[in-house]
Amino acid sequence: QAVSPLHPVAVQCQEAQMVVTVHRDLFGTGRLVRAAELTLGPAACRPTGAAGSAVTFTAGLHECGSTLQMTPDSLIYKTSLSYKPTPPGNQVIIRTSPAVVPIECHYPRRSNVSSSAVRPTWAPFRSTLSSEEKLAFSLRLMNDDWSAERLSNGFQLGESLHFQADVDSENHVPLRLFIDECVATLTPDKTSSPRYALIDLNGCLVDGRSDEATSAFLSPRPRQETLQFVVDVFKFAKDDRNLIYITCHLKVSPADQPPNSLNKACFFNKASSLWVPVEGTGDICSCCETGHCRFQG
């Protein structure tokens, strides 16, 4: 959309870069923001141009601290525009509030490209991938009714996170998806501290064991290659940062193989005070309580 007072931020998603144009009347009040008060991304990139009533940022898709999210169909590059007002001149007051505008560029993950001048004779890329037995895993935040991916990644305490893990099992024997572990951290490094385990012990949703949590896997699954779970929104104590990274380890087993203590999806049922599996017998979840999970034939 063209930048205007009604649409103060416009984004062009180009092949290798994004162009963000900001109307200086950012809030539609007639009070113009200054280019120096605007930055792009966690790296706080400065504007590349300013003319009249508009400020422009031009940045590569991997620049300015942007993040990449992969879904089964899309590559999504995410960043944000930040406005931080500063007192002009010698003044000690400001009259506007800081603001953050999430920005995303979506690109199809799969497509066919051809040229009349080139006629390849090798096998299509998809068949090459399947012959190498590569699997496409995804982990997405969904809306509350699971009908689509959630457009916003901002939450308030008291809300719930709806996660959906999938694997593309096309051209494979039927597969069942499991989540070995999920850990929350304040940096992309999953081994950093502080860290909080949501799922641990080869598929135990340990967050649901807390008295104040209602986290659980959804049962039954919508399909064998999909696993859904809900986690109560949280933040780290004694830390003002409002960005949390969640890293999960996904794996599969043949769908005709019965779940066991190493391939399971177990959650704590508050009504019965028991660990229960999404599928399989209850004994495969016993190690969620003892903390020692190993295969028992």
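What follows is a walk through a predicted model, from its overall make-up to a few individual residues. Residues are numbered from 1 along each chain as its sequence is written. Local features are reported at pLDDT of at least 70 and side-chain atom pairs at pLDDT 80 or more, while totals for chains, interfaces and linings use all residues, and side-chain values rest on heavy atoms, with hydrogens and water left out.

Let us start with the whole protein. Its secondary structure comes to two helices and 17 strands; these are DSSP runs numbered from the N terminus, with helices (H or I) of at least four residues and strands (E) of at least two. Of the 297 residues, 37% are buried, where buried means under 20% relative accessible area, exposed over 50%, and partly exposed in between (1.4 Å probe, protein chains only). The accessible surface is about 17500 Å², and carbon and sulfur atoms hold 53% of that; the areas come from the Shrake-Rupley method with a 1.4 Å probe, and for residues only the protein chains shown count as cover. Among contacts (heavy atoms within 4.5 Å) between residues at least 6 apart in sequence, 59% join residues at least 24 apart.

How far can you trust the coordinates? The predictor's confidence in each residue is its pLDDT, from 0 to 100. The protein averages 82, and 83% of the residues score at least 70. Where pLDDT is low, the predicted coordinates should not be read in detail.

Now for the inside. A nonpolar core here is a set of buried Ala, Val, Leu, Ile, Met, Phe, Trp, Tyr and Cys residues joined through side-chain atoms within 4.5 Å. The largest one has 21 residues, and Ile179, Cys182, Ile199, Phe217 and Phe229 have the most contacts inside it. Two or more residues come from each of strands E10 (160-168), E11 (175-185), E12 (195-199), E13 (216-217), E14 (226-232) and E15 (245-254). E10 gives the most, with four residues. Beyond its neighbours within four places in sequence, Ile199 has contacts that include Ile179, Cys182, Phe217 and Phe229. A second, separate core of 18 residues includes Val55, Leu61, Tyr77 and Leu81. In soluble globular proteins, nonpolar side chains tend to be buried together.

Leaving out residues up to four places away in sequence, Thr185 touches Lys190, Ser192, Pro194, Arg195, Phe236, Ile244 and Tyr245.

Most residues other than glycine have a negative phi, and most peptide bonds are trans. The bond from Ser193 to Pro194 is cis, with omega near 5°, and Pro194 lies in the loop between E11 and E12. Another cis bond joins Ser219 and Pro220, with omega about 0°; Pro220 sits in the loop between E13 and E14. As for phi, Leu201 has a positive value near 55° in the loop between E12 and E13. Lys238, in the loop between E14 and E15, has a positive phi of about 60°. Leu201 is partly exposed, with a relative accessible area of 21%, whereas Lys238 is exposed, at 90%.
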